[in-house]
Structures are given as structure tokens and as C-alpha cells.
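Keep the model in view as you read.

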Amino acid sequence: MAESTILLIVATIVNALVLSSMYILLALGFTFLFNIMGILNFAHGVIYMIGAYICFYMATVVGINQWLALLISVAVVGLFGIFMERFIFRPFFGNINSIIVVCIGLITVLVNAVAISQPYNVQVTPAFVQGILKVGIVSLSWQRIVFFLIGVSLLILVLLFINKTKQGLQMRAVAQDLEGAILQGINVHFVSALACVIACALAATAGSLMGSYLSLTPYMGNDIMIKVLEILVLGGIGSINGVLFAGLIVGTLDAVLPIWLSGTATQAIMMLIIIVILLFKPQGLFGKEVRA
Amino acid sequence: MGSMIAARDSSSRRKNYTQIILYGILICFLLFIPLFFQSPYVLHLFILTLVYIIAAASMRFIMTSGQIPLAHAAFLGLGAYVSAVLSKHVGLSPWLSLFIAAFVAMGVGIFISFPFARLKAFYYAMVSLFFGVGLLQAIESLGKLTGGLAGITAIPTLFNTASKVPYYYCFLALTLVSLVILYRFEVSRIGWNLKAIDQSYLVSSSVGISEVKYRVLAVAIGCFFVGLAGGMYANYNVTLSPSSFDSSVTLWMIIYVTIGGMNNFSGPIIGTAVLFLIPQYFSGLKQYAPFISAAILFLVIFMFRNGLVCIPGLLMAFYKRKKSTSKSR
Amino acid sequence: MTKKGFPFLLAAIMLAAILALTSLPGCSSKTTTATTTTTSASAQPIKTYTIGLCAELTGFLGAYNTATVNEAQIAVDMVNENGGIMVGGQNYLLKLVVEDGKSTLDGTTAAANKLIFSDNVKFILGPDAYFNSAVSGLCEQNKIMHIGGYCTMQPGELDSTTTYSFLGQGASINYFTGVLAYLKANYPNVKKVALTMPDDGSIPYFGKAVQQMVQDAGYTVAGSIIGYDNNAVDFSPYAAKVMATQADAVIACSGVVLPNGSILKNMRDAGSNMLFVVCNSVIPSDYVKVAGTKESTGVVDCSACYIGAPDPSPILQEMITRYIRSIGGTGALVTLEYANPVWELAQLFNKANSFDPAVVKTTFENMSSIETFYGTGTISGLKTFGIKHAVSYQLPITTIDNGVPTFKQWEPALVP
Amino acid sequence: MILSIKNISLYYGKAMALDNVSIEIEDGSVVTMIGANGAGKSTVLRALSGLVKINSGEIWFSGKRIDGTSPTNIVKMGIVHVPEGRRLFPALSVMSNLELGASLRKDKAGIKKDMNEIFEHFPRLLERRNQSAGTLSGGEQQMVAIARGLMAKPKLLLLDEPSLGLSPIMVDELVPIIKNINQTGVSVLLVEQNIGLALRVATKGYALQVGKVVMQGDIELFKSSDIVKRAYLGD
């Protein structure tokens with residue numbers, strides 16, 4: 001029994017880390033868009049789904065290397081980010097209702113287009129990394145470890161970008177005071193487009209990787225968006241530290257709770273935990289978004 | 001001076017008359033619908049439209065206070081499930097459970113809106129969206145009582161008949177009463193104060209409006225009516241499933257309000273009627289039908305920013321401009 | 001105030017316009033369901049008769065049901081090309097109307113409403129998964145005959161109160177009995193089994209029945225049923241839970257390919273070689289896609305998905321040929337979940353010689369066997385459902401080792 | 001003439017904010033615009049920096065027409081707007097705020113040199129260069145705002161209510177700062193409600209009332225004007 005307990009603990013820790021890193025990649029993109037453009041991009045989950053499908057299509061139908069497919073997916077979805085910024089978000093700047101309308105329109109079109117065009121067959125992107133790492137009694141798939149490393153390194157890259165580059169500084173400026181930033185001559189459209197591209201590229205990366213970790217469905221974005229929502233609300237919307245911290249918590253809960261609880265109860269308990277935290281800190285752990 | 005007031009009075013009275021006549025025509029028209037359309041399916045669609053009209057109108061009421069209640073569909077579900085469970089498992093009369101559901105929804109609404117009433121609009125939107133998801137998860141995890149993910153069936157109905165006509169008239173009456181109450185609230189002091197809070201919370205708090213109190217009040221009123229709509233839905237539709245109240249349904253309700261016109265009381269009514277009924281007409285397209293809804297969304301949002309209610313205003317402006325240019329020639 | 005009145009007028013006009021629009025399909029379909037067409041082959045005019053199919057064309061079951069509806073349409077074509085059906089000395093061709101239930105219970109209720117009240121059909125086939133309960137009640141109320149495609153044993157889905165509802169294939173229970181019989185005969189070492197299924201509300205009903213059947217067959221159930229969240233992002237905790245039971249085999253009692261395949265993959269990755277038994281409507285090779293080639297090993301599968309048994313019956317051969325032609329390439333047959341009910345209904349019409357649901361229903365109840373694509377089916381289910389309304393037939397057993405699915409045998413799977 | 005505004009009008013919806021306003025600034029001068037709250041002073045500056053679009057009229061800057069140009073290009077041409085309420089980036093350090101002022105400049109050495117010069121002028125900012133701007137006092141924040149504006153190497157500096165929320169002593173400190181800026185060759189358009197400050201630094205003045213220029217001319221004219229005295233100095 002002791003052996004299986006150790007196995008369970010190690011597997012759970014690794015799972016928690018992999019899940020957290022993927023959730024954080026997505027939530028970070030969402031936060032970027034919120035901070036810089038002040039929009040809630042409800043279509044973020046769909047972007048993730050599209051990224052996964054592009055990678056899958058490139059890797060299986062076209063038949064190129066998975067890593068190359070991943071890069072193509074990131075590039076295509078990144079370009080789509082520019083399109084979104086220009087034609088979806090910019091015209092409705094600051095109007096949350098209209099943003100919801102266009103996002104839902106986009107979701108409806110993309111999800112149904114994918115659903116119709118795919119045959120009934122399960123679709124999984126081929127594994128990026130083969131093999132199992134065995135350390136003593138513990139065995140872990142290399143793929144998980146690599147995914148975790150990719151997640152962490154992307155995270156570090158993004159944080160370095162925000163904190164160390166001129167564009168990153170401009171992004172933070174736009175996030176803090178839009179009009180102040182405009183008056184410094186900062187090209188806000190460029191900054192927003194850049195934020196959109198980064199957010200979409202991160203979503204596409206997470207989607208492509210998760211496409212081989214799990215399997216693809218046109219609805220895969222919905223479930224992950226709920227996770228993103230949990231992270232944002234718990235961490236405090238707009239706070240990057242909050243995303244990192246809450247991402248770890250949600251990922252860990254996701255990996256740990258199912259060990260004791262069954263199916264839907266897991267999600268309910270997790271929501272309950274977050275709601276209890278919110279009752280004491282309505283603005284989230286790191287949020288400042290309270291009036292007066 | 002006195003005569004001027006009198007003149008204005010009579011003109012406004014005349015306008016009131018035309019208004020009453022317009023309402024009369026509309027209500028007569030709605031009353032005769034079961035005579036025009038005997039197909040039970042068309043009536044079924046109208047009954048569902050009425051339910052969603054209450055839901056969307058109550059959502060707009062909350063939105064006038066600057067809050068974006070993205071848990072609204074979950075409250076619709078809460079009302080529906082409370083009414084369903086009470087009438088099915090407890091054995092209460094559906095007529096009673098319907099109103100209990102409305103009060104339960106109101107209670108839960110008050111309970112959650114208190115801690116979150118000081119949040120900024122965007123944050124409130126996200127927190128309430130999250131709360132809606134949590135509420136549905138809770139309903140889902142209640143297993144045998146609510147049927148879990150699969151849902152609940154064989155809910156007792158309001159009328160013991162297969163005909164849809166009694167439902168139609170009953171729901172029409174409930175809808176009209178709800179709308180009149182919501183309208184009275186909106187044009188009352190409460191409504192003005194809510195709008196003041198939306199415009200500028202600083203000003204409103206400086207003139208002595210308690211922001212938290214009014215925001216909670218808005219949520220309470222909105223949740224009461226959406227709970228009522230949920231109960232109506234449950235005891236008419238016989239089946240319920242959590243997926244009918246998930247976050248995408250909330251977003252669709254926002255769309256009903258926005259496409260109809262957020263700034264007008266009749267916005268959600270028109271929006272719901274258009275967006276609920278038109279896609280039904282195209283349901284023959286099967287899996288291609290959702291594209292029709294999406295096309296309507298894009299068309300309206302890019303052409304009429306303020307929703308469908310602004311179309312007559314735009315038409316009149318166009319007509320006037322045309323008239324004036326022809327005159328100047 | 002005047003501004004308020006004008007939009008109300010507009011609302012009235014719009015409602016009127018929409019009414020006019022919506023009434024059109026309602027009116028047009030109110031014309032009689034039997035229309036007359038003459039063919040050159042026979043002097044007697046052939047009429048068409050419309051039957052309804054309630055399917056989930058959009059939503060999470062969309063892709064799967066689009067395929068099964070395709071099969072149903074092929075079955076209808078096959079019936080029609082064999083000369084259609086003969087009722088009251090009149091020759092009829094069958095016509096299928098499909099309504100979309102959007103993969104929700106309420107959507108399915110709406111679709112059933114549309115079929116009954118707008119399309120005016122008297123016979124409804126489908127729907128899938130746990131959506132039957134939405135249709136059964138409506139059919140009972142309106143005296144419409146209903147042949148479901150799948151059953152999760154929710155209350156009101158198929159029991160002694162649903163006299164107008166049938167199960168065209170004993171699916172779920174059928175698969176399960178098949179796999180238990182096969183285990184008993186071929187894996188004598190298995191004594192203790194773990195059970196998994198989606199926590200979608202079916203555990204108290206379907207789960208309970210399944211647990212009873214496992215115990216009746218002489219196995220011990222390890223712990224309680226492991227329910228997982230269908231929408232979970234990661235299934236490895238559930239795999240860990242399965243492994244912690246230290247059972248000889250795990251039976252995935254239902255559920256779609258992703259959770260089952262992911263649990264399999266996670267178990268194999270973690271070094272477990274527990275026998276993995278699955279029984280649901282999934283093409284066996286799909287498990288290989290989700291779990292990976294090396295991980296897909298030690299799997300026993302029982303489902304209606306046919307992957308090339310020797311000597312298929314002529315109608316099955318015909319179905320396969322047409323199916324492959326219709327999807328324009330290679331592909332496994334799905335589950336005939338709607339095709340079998342179509343085929344059965346055609347026989348019932350001929351035998352009952354009537355389009356009255358009450359007559360057809362009584363005929364069905366009085367029969368003991370009926371032809372299906374998978375051979376002769378037995379009508380049973382009294383013990384399981386409390387009503388003899390389910391058709392069960394032999395099913396293919398497939399094993400997967402090192403990513404290669406192999407057909408083993410036809411297993412007679414009788415629903416008690 | 002570095003800047004000439006010719007008969008601009010601007011509406012917010014149906015409400016008229018500016019009505020036929022004309023303003024001229026000579027190269028190297030300090031011009032002030034005074035007026036009560038809501039007179040349209042800030043709107044003129046917002047129109048100049050491209051934040052709002054004018055409905056009619058023309059704006060010319062160093063011989064080029066600039067109305068309709070994007071805010072980025074306007075900054076690039078040399079008009080820098082130090083807005084009312086300062087609009088610093090509160091969570092960023094003083095250094096980062098200054099760097100952002102030089103967003104459009106490419107010469108790294110020049111930026112560094114200018115920053116050192118600014119720290120010489122404002123030694124207090126040097127002490128607090130790594131502190132986040134939100135934690136500074138009002139006067140220091142105003143210095144950061146002006147310094148940030150200077151980092152863009154402006155030809156024309158638009159100062160909107162620099163004295164807002166400052167103590168009288170701090171307001172006095174602003175006078176030499178503005179004069180110094182002007183001496184380096186930068187023209188200044190100063191918008192003020194604090195007319196004392198305006199009269200001390202400007203050479204020419206404009207008075208706005210409900211969107212209209214009601215008085216204009218040499219600053220001496222303003223000093224002797226009864227209207228101004230009555231309206232602003234409380235005589």
C-alpha cells in the first residue's frame with residue numbers, strides 16, 4: 001500500500017504542475033487582453049481550440065513534424081490575433097455588451113465550423129515526446145515533464161518580456177493609464193495588437209500541447225475557459241501575480257481533489273472553496289478592482 | 001404661463017392616449033395568437049419566448065445599475081430546479097412552488113450580491129459568471145435530487161392538459177404583469193437612482209444614495225423575476241438539464257438585451273423575440289442553423305450599435321433628412 | 001414617454017413578421033404526411049410515410065450522431081429500394097425527418113415537441129445517451145411510439161410506465177452483458193473488478209444495475225463505482241484511483257472515448273497492466289488514438305462498432321458498402337444505433353399492417369424475435385427494465401494489443 | 001508662429017464644447033489660457049494632442065496642418081501634452097515613467113543625457129528615481145509629469161492645470177520651472193484656473209468662457225482687466 005501511496009503522491013504533484021502551467025498560459029493571455037485593452041475576451045477558449053486543431057491538422061493530415069506543426073499553429077493563430085484586435089475589439093472598445101455579442105458570434109461560427117468539418121472519429125495530435133522516465137518505482141511520461149518545462153519557460157519569457165523590454169514597459173503603461181500612454185506618443189493600437197498576438201500565441205501553444213495530452217473536440221475550449229475563469233476570479237482579475245498564484249492553486253486542486261471525490265462533486269467543492277475565499281476577499285487574492 | 005402648462009398637459013395626454021392604443025393593439029394581437037396559429041409547436045415557441053422575455057427584461061433591469069449579472073441564466077436554472085424539486089419530490093402544488101422558486105432565487109441573489117456589490121463592473125461580471133458556473137455545479141452534484149448532469153424529468157405541470165393554450169394565456173398574463181412591474185420600477189425613484197449609480201457612483205454617493213443598498217435591490221428584483229421565469233419554464237417544459245442554464249446561455253441573454261437595445265425598456269423584448277424565433281425558422285438547416293444566429297449578431301452589432309430599437313429612429317432621421325434636402329432644392 | 005411607445009409598436013410589427021415566418025413551416029408540414037408519387041415501375045401509386053428521428057446534431061454528441069443519422073438514412077434507403085413497406089395493401093416509401101436536440105435534455109425535449117406537433121409524426125426513433133427520458137414522457141402523453149437508441153436507465157426512460165417506448169438495441173446493458181459473458185469464458189483469473197463510469201447522474205440508476213449484474217456473475221466489486229467528470233481536463237487522478245483498488249480488471253461501463261482512453265493511457269504510463277474492459281459505442285481503434293499505440297494493450301472491447309468480422313450478413317455487408325461510399329473513404333461502421341430501429345420499424349409496419357402506434361406497439365410486444373443488422377434479435381428486458389421492450393442481439397468482441405484491434409468473436413448478449 | 005488654431009469648433013454629441021476658437025502661439029513664447037471650470041480649456045488641449053476630433057476649423061503647427069493626425073504623430077512632431085491630473089503610471093518607477101516619456105525617441109545616448117539633465121534640475125526626483133510614482137507627493141508627481149513631458153524633446157509643451165492640488169509654496173516653485181523650460185526654447189501653452197501663476201509666467205493670454213474666446217491679448221491687458229480681477233482675483 002505504501003508503494004502505491006508514493007506513486008499517487010508523485011503522480012499528483014507532476015499532474016498539478018503540468019495542469020497549472022497550461023492553465024496559467026491561458027489565463028495569462030486573457031489577463032493581458034484585459035489589462036491592456038480592457039476587454040473580457042470570452043472567445044479565448046475558442047482560440048485555444050483552433051490552435052489545437054491547426055496543430056493536429058498539420059501534424060496528421062499534412063504530416064509534418066509535430067514541433068513544426070506547433071510553430072505553424074502559433075503563427076497562424078497569432079496572425080488571427082491581429083485580425084481580432086482590428087475588427088473585433090477595436091470597434092467596440094470599452095463596450096462590454098457589444099464585445100460579448102461579437103465574441104459569441106465568433107464562438108458560434110468557429111465551433112460549429114469545426115464541428116461540421118470534422119468526421120466522427122476521435123482526434124489526437126501525435127505525442128510530442130515518446131517514452132517513460134523511470135526513477136525507482138515511480139514512472140512518469142516524458143511528455144508531461146516536457147510540457148511542464150515548456151510551460152514554465154514560456155512563462156519566464158513572457159514575464160521577462162513584460163518587465164525588461166521597451167514594449168513590455170509600454171504595455172504596462174497602457175494597462176495603468178490609457179490616456180496617459182497615448183499622450184506619451186505610445187502607439188496604443190500597436191501595443192494592443194501585440195498583446196492580442198501574445199495572448200493568442202500562448203493559447204495556441206497550450207491548445208496544441210493539450211491536443212496531444214488529451215484529445216480534440218470542438219468544445220474543448222469551454223471546459224478550459226471555466227478553469228481560466230476560476231483562476232482569474234481567485235487571483236484577482238488583471239493581476240499577473242494573481243494568475244500565477246491562483247493557477248497553481250487551481251491546478252493543484254484539480255489534480256488532488258478527484259482522488260477523494262467523485263466526478264461532479266470535485267468541481268462543486270472546488271467552486272465552494274473559491275467562493276468562500278471570495279466572500280472574504282471579493283476582489284480576489286491580488287486584485288484591486290474595488291470601487292471607493 | 002399657466003396656459004402653457006395646460007397646453008403641454010393636453011398634448012402629453014394625447015400622447016398618452018396613442019400610447020394606450022398602441023399597447024391595446026399589441027395586447028389584443030397577443031391575445032388572439034392561439035386563434036391564428038393552431039399549431040401546438042408554434043404556441044410552444046411563443047411560450048418559451050415569453051419565458052425568455054421575462055428573463056432578459058429582468059437582466060436588463062439589473063444592468064441599468066451598471067452591474068453585468070453573468071449569473072443570470074444560473075438563476076433561471078435555480079428557479080427552475082427549486083420549483084421542479086419542490087413540486088416533484090416534496091409534492092407541493094406547482095403554483096406554489098413557482099413563487100417559492102422566485103423567492104429562493106431572490107434570496108440567493110441578495111446573499112451573493114452583498115459581498116460583491118462594491119466591485120467594479122468588469123470584476124462583478126467575472127465574479128458573477130463564476131458564481132453562475134458554481135451554482136450549476138452545485139445543482140449538478142446533488143445527484144438523485146436533481147438528476148445530475150442528465151437532468152430531471154417528469155416535473156409536474158401547471159395545467160393537467162396536453163393543450164398548450166392555457167399555458168400561453170397564463171404565461172402571457174405573468175409576462176405582462178412582470179413587465180409592468182419592472183417598468184414601474186424603472187421609471188420610479190429606484191430606477192433613477194440605479195441609473196445614477198451607473199453613471200457616476202461618486203456623485204450618487206455624495207447626494208446620499210447608498211450604492212450598495214441600491215445595487216443589491218436591483219439584483220433582488222431582477223433575481224425574483226428570473227426565478228419566476230425559471231419556475232414557469234420547469235413546470236411547463238417537464239424536463240430540465242443543467243446545460244440549458246450554463247454560462248453560454250447567460251451570454252446569449254446579454255445578447256438578447258444588447259441586440260434589442262440596452263437603452264430601451266422594450267430592447268430585451270424585441271431582442272428575445274427576434275433572436276429566439278428567427279433561428280427556429282431556420283432549424284431545418286440542422287447543424288448549419290447556428291450560423292444564422294451568428295450572422296444576425298454580426299449584422300446587427302456592426303450596423304446598429306444601439307440595437308434593433310434604434311432602427312425606427314434612424315429611419316425617421318433618414319426620412320427627415322431626405323425631406324429637408326428635397327425642400328432645399 | 002413617446003419614445004417608449006414607438007418601440008412597442010415596432011415590437012408588435014416585428015412579432016407579426018416573425019409570426020408569419022414561423023407559421024410557414026408549421027402550416028406547410030400540416031399538410032398530410034402521406035404524399036402521393038407515381039413511379040414507372042408499378043401501376044399502383046406509391047405513397048411516402050414520414051417517421052421522425054430525434055438526434056443530437058450539434059453539441060458534444062454532434063459528430064457522433066451525424067454519423068449515426070447517416071447510417072439511419074442508409075437503412076431507410078435500403079428499405080425503400082427493397083420496395084418499401086406494405087400497409088393495408090398500399091405500398092409506402094419511408095421518409096426520415098431529423099430534428100436536432102443540441103445535446104441537451106431541454107433541446108431534445110424541444111426537438112421531440114417539434115417532431116410531434118410540427119412534423120406530426122407518429123413514430124419517433126432515437127435519441128442517444130441519457131436523452132431518452134425527454135422523449136419517453138412526451139410520447140406516452142401523446143401516444144406516439146418511440147424506439148430509443150441507447151439507455152442509461154434513468155427513471156422515466158424505459159420502465160413499466162413507458163408503454164410506448166422501446167429500446168431498438170439493448171445498448172449499454174447489452175454491451176455490458178456481452179462483455180461479462182466473454183470475461184467469464186476467457187479470463188478465469190479475474191475475480192475482482194473495478195467499475196468506472198461518467199458521473200452524469202446515471203450512477204444511482206445504471207451504475208446500480210451494473211453493480212448488481214457484476215455481483216450476480218460471481219465477481220467482487222472493488223470499492224464503489226469510480227465516477228469521473230466527463231468534462232475533466234485531466235483524468236490521471238481517476239487512473240490513480242483505479243490502480244489503488246488493486247483489482248484484476250477494470251470495466252469502463254459507459255462513457256465516451258476520451259475519459260476511457262485517457263484513463264487507460266494514464267494507467268499504462270504509470271506502469272499498471274490491469275486488464276482494461278470497455279463496453280460502449282466507440283470504435284475500438286479510437287482508443288489507440290487517445291491512449292497511444294504502446295499504451296493500448298490488454299484491452300477487451302464490446303460495442304456495436306463493427307470492425308470486420310468474417311461473414312457478415314448480406315444486409316450488414318450492404319450497409320457497410322454504402323456507408324463507406326457515403327463518407328467517401330475508409331472508416332469503421334459506427335454503432336447502427338439509429339439504423340437498427342429503422343430496420344425494425346419497417347418490419348413492424350409490414351407485420352402490424354397499420355400506422356396506428358397502439359397497434360404497432362402491441363405487435364412489437366407480442367413478437368419474440370426481430371431481424372437486425374447484427375442478425376436475429378431477441379425481444380427481452382423484463383428483468384432489467386420491468387417491461388419486455390428491449391431488442392438484444394449478438395455483438396462483436398474486439399481485443400486491442402499493442403495498438404492493434406483484433407476481432408475475436410460474436411458474443412450473444414442477452415439483456416435479461 | 002509655431003501654432004495657430006483657426007476657428008475650431010467641437011461638439012460632444014449635441015453639446016457644443018468649443019465655438020469658433022482661434023489661438024496663436026509665437027515661437028518661444030509662453031501663452032496662457034484661463035477660464036472657469038467647463039469653459040473648454042482642456043478640450044482645446046485634447047484637440048491639439050489628437051485625443052478628440054474637431055468638427056470644423058484647422059490646426060497648424062510649424063507650417064503643417066495637424067488636425068486629424070494621430071496622437072503618436074503629434075507627439076513625434078513635437079507637441080507634448082502634460083494632462084490635467086498628471087496621469088502618471090502609478091505602479092511604475094519614476095525612471096520608467098521618464099523612459100516612457102521618451103517612447104518615440106530612438107537615440108539611447110540622448111535619452112540618457114536628457115534624463116541626467118532632468119535629475120539635475122529636479123534633484124528630488126533623483127532621490128526617488130526607483131520609487132513607484134503613485135507613492136510620491138502631489139508636487140513631486142507634478143514634477144515627474146512635467147519631466148516626463150520634457151523627455152519627448154517637445155517644441156511646444158501643453159500644461160494643463162499644473163497647480164491643481166498643490167500647496168501655494170509648491171505653486172511658487174512652478175514659476176521658475178516653467179520659465180526655465182521656456183528658456184531652453186520650448187514654447188508653452190499653459191492652461192490654468194490659478195490666474196496668479198498664469199499671470200506671472202505668460203506673455204500673452206486668452207480667456208475662454210463656455211467654449212468661446214472672450215478676451216485675448218498681451219498679458220498686461222489681463223493684469224489690468226477689471227473683468228479678470230473680478231472673476232478670478234476676488235476683488
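Predicted model: local features only at pLDDT ≥ 70, side-chain atom pairs only at ≥ 80, totals over all residues.

Start with the contact between chain B and chain A. On one side stand 43 residues of chain B; they touch 45 residues of chain A. The size of an interface is often given as the accessible area lost when the parts come together. Here the area buried between the two chains is about 4200 Å². Carbon and sulfur atoms give 79% of that area. In chain B, three residues lose the most area to chain A: Phe122(B), Tyr123(B) and Phe130(B). Together they make up 19% of what that side buries.

Which helices of chain B supply at least two residues each to this side? They are H5 (94–116), H6 (121–140), H10 (211–237), H11 (247–260) and H13 (289–303). The largest share, 13 residues, comes from H6(B). By type, the residues of chain B that touch chain A divide into 32 nonpolar, five polar and six charged. Between the chains, the count of salt bridges is zero. Four residue pairs are in polar contact, both residues at pLDDT 80 or more.

Now turn to helix H8 of chain B, residues 189–199. Its buried residues are Gly191(B), Asn193(B), Leu194(B) and Ile197(B). Seen down the axis of H8(B), these fall within an arc of 165°, so they line one face of the helix. The face turned away from the buried side carries exposed Arg189(B), Trp192(B) and Gln199(B). At the start of H8(B), a side-chain oxygen of Ser188(B) comes to within 3.2 Å of the backbone nitrogen of Ile190(B).

Key
Residues numbered from 1 in each chain as written. Chains lettered and ligands numbered in written order. Heavy atoms only, no water. Contact = heavy atoms within 4.5 Å. Buried area = accessible area lost by both parts, 1.4 Å probe. Salt bridge = Lys/Arg side-chain N within 4 Å of Asp/Glu carboxyl O. Polar contact = N/O pair within 3.5 Å; in protein donor to acceptor, adjacent residues only side chain to side chain. Helix = DSSP H or I, 4+ residues; strand = E, 2+ residues; numbered from the N terminus. Nonpolar A, V, L, I, M, F, W, Y, C, P; charged D, E, K, R; others polar. Buried < 20%, exposed > 50% of the residue type's maximum accessible area, 1.4 Å probe, protein only. Arc of directions from axis to C-beta.
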